[in-house]
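Here is a short briefing on a protein structure, arranged by topic for a first reading. Please keep the sequence and the model side by side as you go through the points.

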Amino acid sequence: PEQAEGKVATAASDRWALAMVAFRLLTAESYWAPCPVAELLAQILRGPSSLPSEIVRERGLLPRQRLGPAFDAWFMRACQIDPARRFPTVVEQIEGMQRAFSEPGT
């Protein structure tokens, strides 16, 4: 999102991207629906609005791992538009993902 705003990418930008990569690895699809680049950038600047589990359900995806509420919460935090609201470090982000997949119902 920082680069879409014309700002310099930071470690927080990389952590945002890590969440997007995790979604793609788990579902084999992008979080963002196919659309023109200008629309995609606008969506990125607004931030994710749908929970990953909703996207999986709406698109009929078969993720490698069930994406439940704990993953949804992890993903939405990792993809906050305000970098200060994302995980402060990649270690904490990875530990958070690990907890999300170890919680019942995930």
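Phe71 has a relative accessibility of 0%, and therefore counts as buried, a word that here means under 20% relative accessible area, with exposed meaning over 50% and partly exposed in between (1.4 Å probe, protein chains only). The model is a predicted one, in which local features need pLDDT of at least 70 and side-chain atom pairs count only at pLDDT 80 or more, while totals for chains, interfaces and linings use all residues. Residues are numbered from 1 along each chain as its sequence is written, and side-chain values use heavy atoms, with hydrogens and water left out.

**Aromatic rings**

- The structure holds eight aromatic pairs, where rings of Phe, Tyr and Trp (its six-membered ring) pair if their centres lie within 6.5 Å, and planes under 30 degrees apart count as stacked, over 60 as edge-to-face and the rest as tilted.
- Phe23 and Tyr31 make an edge-to-face pair, with 5.6 Å from centre to centre and 80° between the planes, and both Phe23 and Tyr31 are buried.
- The ring centres of Phe71 and Phe101 lie 5.4 Å apart with the planes at 25°, so this pair is stacked.
- Because Phe71 lies in helix H4 and Phe101 in helix H5, the pair ties together parts that are 30 residues apart in sequence; helices (H or I, at least four residues) are DSSP runs, numbered from the N terminus.
- Phe101, with a relative accessible area of 22%, is partly exposed.
- One aromatic cluster includes Phe23, Tyr31, Phe71 and Phe101, and also Trp32, Trp74, Phe75 and Phe87.

**Helix H5**

- Helix H5 (residues 90-102) has 13 residues and reaches 18 Å from its first C-alpha to its last, close to the 18 Å expected at 1.5 Å a residue, the expected span being 1.5 Å times one less than the number of residues.
- The buried residues of H5 are Gln93, Gly96, Met97 and Ala100.
- Seen down the axis of H5, these buried residues fall within an arc of 100°, so they line one face of the helix; the arc is that of the directions from the helix axis to the C-beta atoms.
- Val91, Gln98 and Ser102, on the other side of H5, are exposed.

**Glu2 and Arg86**

- Glu2 is found in the segment before H1, and at 6% relative accessibility Glu2 counts as buried.
- The side chains of Glu2 and Arg86 are joined by a polar contact of 2.7 Å, that is, a pair of N or O atoms within 3.5 Å, of which, within protein, one must be able to donate a hydrogen and the other to accept it, and residues adjacent in sequence count only if both atoms are side-chain atoms.

Key:
Helices (H or I, at least four residues) and strands (E, at least two) are DSSP runs, numbered from the N terminus.
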